[in-house]
Each structure stands twice: as C-alpha cells, then as structure tokens.
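Visitor: I would like to learn how to read ring contacts and pockets in a model. Please take one feature at a time.

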Amino acid sequence: MQFHQYQVVGRALPTDSDEHPKIYRMKLWATNEVRAKSKFWYFLRKLKKVKKSNGQVLAINEIFEKNPTKIKNYGIWLRYQSRTGYHNMYKEYRDTTLNGAVEQMYTEMASRHRVRFPCIQIIKTATIPAKLCKRDNTKQFHNSKIKFPLMVKKVRPPTRKLKTTYKASRPNLFM
Amino acid sequence: PFKRYVEIGRVALVNYGKEYGKLVVIVDVVDQNRVRTKCVIELNPSSSCKKLKLSPEFEALVDAPDMVRGQMNFKRLQLTDFKIDIPRVPKKKTLIEAMEKADVKNKWENSSWGKKLIVQKKRASLNDFDRFKIMLAKIKKAGVVRQELAKLKKENAS
C-alpha cells in the first residue's frame, strides 16, 4: 500500500460568537486524500472541540519527497495501542523517501506487534544524520565501503506467467 | 567461499520485473534488501527510461546510463563478476565515464554468461527463414562431422 503525506488545513465553521475561528494545519500519512481528511478530523477532535460536521477543511495538499534518490535514515516516533495499553516507540528506517519509511513502519508494526493502521499515531518523523542513529540495524549500513555476499541465489521465473508448480530438477541455490 | 559481493560498483543483471535483462551498477545499499542501482546497458537496445520504485526489504540503489537511478530488491538482481571503481553515489556523468573505462559492455558481451544471453535472444527472435537457414547449416555441420568420423573409423579399422 503506498502511503502519501498530506498537509491538511482546517478550522471550525465560523459562527455568530466566533467569526474567525483558529485555523489548524496537520501533516499526516494516508493512502488517499479522503482518508487523510478523515484522519485530520480524528486528530482535531481529540485536540479541539470541533467535528467534521461543524468544521471545514480549507486545503489539502500532497507533500512530495524533495530528494527521492538520496538514501536517508528516518526516525519515526509513534504512539500505538497494544492489547494492554498505549505505548510510545521510536523506530529507525533506511529509505529514500519518507513515505517509504512510513510504509515500512506500518508493515513492521503490523508484523512485529500485530498493531494495525488505526491503532498507530505518528508523533514525529525526522531525517537522522548517520551519527545520531541509535539502532544497530541502520548503523550497520553506514559504511562507505560496504560489502557483503548474497547467501542464497533465489531461482525465480522471470515472469509470473512462467511459474509452474512442478519442476523437472532441483534448483541450484549456490551463488 | 564467496567471490561476488554486493558492493558499490558491482555490476548486476536484473532477472525479474520491468528492467529484465538489463545490466545495472550498484551505487549504494539502502538496507539488507534494497540497493541503489544504475542500469549499465540494455541487451535489447530499445527500451525507454523507466522509473524504478520497489521497496521490499533487502534493497540496493541501482543506476545505469539509460535508467533513472532507483531502488531495487536484491531478489531481482544476479551479481556478475564485474566491478567498476566508483565513489558511493556518483553523478551520472562519472558513472558513465567509469563504465567506459572499465569497458563493462564489451567485457560482458565477451563473457560466457553474456554470450549465452545474446544467443538466447537471437534464438528467440528468429523468423521462419532464419530457422530454415539454421536447419541447413546444422545438416551441413553434421555431414562434415560424420565424414571426419568415418575417416577416423577407417584408419582405426585398417
């Protein structure tokens, strides 16, 4: 699933008592604009006394990655709901785009902790310079002369059309 | 134990997906599954520039003269014996120069692996007339071989 980053700007509807309500802006991740707006109201409800029915979204813009060909280390701070309560987490990912890192985060949370998309709130994301990375898993790639062998040669047919259930001979997995 | 390493400058062959059959240079390693690559050459000189965006786990950053630099999963790559000398994420120009210097294209086409792929491509693109010509050539070759064999048998018998 491709996550997109959106900037959503909204406010409560102007009323007689409040002609110019405060405008709020949020940056969120969602798969499409509709979901982004929905998530915006979810968060705004938790912070202010406003709902979608008495508010309006003023703008929603997609935010694109500035440098999608540069590999970066992303740190993501999140708050998630587990079966027993809420917890905070800090995770690091190496990716070329922030959306890619966020997608990695969601899939990792789902696999490692069985936490699904609605139960995760992203508190903060940041590009971390290599010196400040905390996780060994990302730090092991901070090597300008990185070199490692591939252990197993994955034998795959080049297109899914050529895939067969039975093969005449055993595959040779030696690289 | 291991001769072909994933490293910056390693030339790899793409064996799955849209960029199938292209030679790529590993330009950086994203994480255990992915790599930044740049396509070196196409064996079929006709494809257009395509943007690569794949992101399962083990990846590399990959690049090639005719390709936008992009990520690739190691599962799609087959490492070759060739390695060129490049800094970590070189500009397209430096990459092309380094490739010309290392003469990757000719070395690849003269290697047994490269030659096999070229022959496979040729065979796949034959038309009926070509197949007819091949049939005649095979018959001729078999005839010559049989003559020689008959001569040797005669010498042995006598």
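Guide: Start with the rule for rings: two aromatic rings of Phe, Tyr or Trp count as a pair if their centres lie within 6.5 Å. The model here is a predicted one. In it, A:Phe3, A:Tyr106 and A:Phe117 make up one aromatic cluster.

Visitor: How many aromatic pairs does the structure hold over all chains?

Guide: There are 9. One of them joins A:Tyr106 and A:Phe117, with 4.9 Å from centre to centre and 45° between the planes, a tilted arrangement. A:Tyr106 belongs to helix α2 (residues 98-113) of chain A, while A:Phe117 is in the loop between α2 and β6 (120-128) of chain A, so the pair ties together parts 11 residues apart in sequence.

Visitor: Is A:Tyr106 buried or exposed?

Guide: The cut-off for buried is under 20% relative accessible area. A:Tyr106 has 9% relative accessibility and therefore counts as buried. A:Phe117, at 26%, is partly exposed.

Visitor: Why is the pair of A:Phe148 and B:Phe74 called edge-to-face?

Guide: Planes over 60 degrees apart get that label. The planes of A:Phe148 and B:Phe74 stand at 80°, with the ring centres 5.6 Å apart, so the pair is edge-to-face. This pair crosses between chains: A:Phe148 is in strand β7 of chain A, and B:Phe74 is in the loop between β6 (67-73) and β7 of chain B. A:Phe148 is buried, with a relative accessible area of 18%, and B:Phe74 is buried too, at 6%.

Visitor: Which charged residue sits over the ring of A:Tyr86?

Guide: The charged end of A:Arg79 does, 4.3 Å from the ring centre. Likewise, A:Lys39 lies over the face of A:Tyr42, at 4.6 Å from the ring centre.

Visitor: Now the pockets. What volume does the largest pocket have?

Guide: The general idea is that rolling a probe the size of a water molecule over the atoms shows where empty space is left. The volume of the largest pocket is about 760 Å³. It is lined by 30 residues, and those closest to its centre are A:Lys153, A:Lys154, B:Asn15, B:Leu77 and B:Gln78.

Visitor: Which element gives the largest share of that lining?

Guide: α3(B) does, with 6 residues. At least two lining residues each come from β7 (147-149) of chain A and from β2 (10-14), β7 (77-83) and α3 (112-124) of chain B. By class, the lining has 18 nonpolar, 6 polar and 6 charged residues.

Technical notes: Residues numbered from 1 in each chain as written. Chains lettered and ligands numbered in written order. Predicted model: local features only at pLDDT ≥ 70, side-chain atom pairs only at ≥ 80, totals over all residues. Heavy atoms only, no water. 1 Å grid on protein atoms, 1.4 Å probe; cavity = no way out; pocket = protein on both sides within 12 Å on 5 of 7 lines; lining within 4 Å. Points joined across faces, edges and corners; volume = space filled by probe spheres on them. Helix = DSSP H or I, 4+ residues; strand = E, 2+ residues; numbered from the N terminus. Nonpolar A, V, L, I, M, F, W, Y, C, P; charged D, E, K, R; others polar. Phe/Tyr/Trp six-rings, centres within 6.5 Å; stacked < 30°, edge-to-face > 60°. Buried < 20%, exposed > 50% of the residue type's maximum accessible area, 1.4 Å probe, protein only. Lys NZ or Arg CZ within 6 Å of the ring centre and 35° of its normal.
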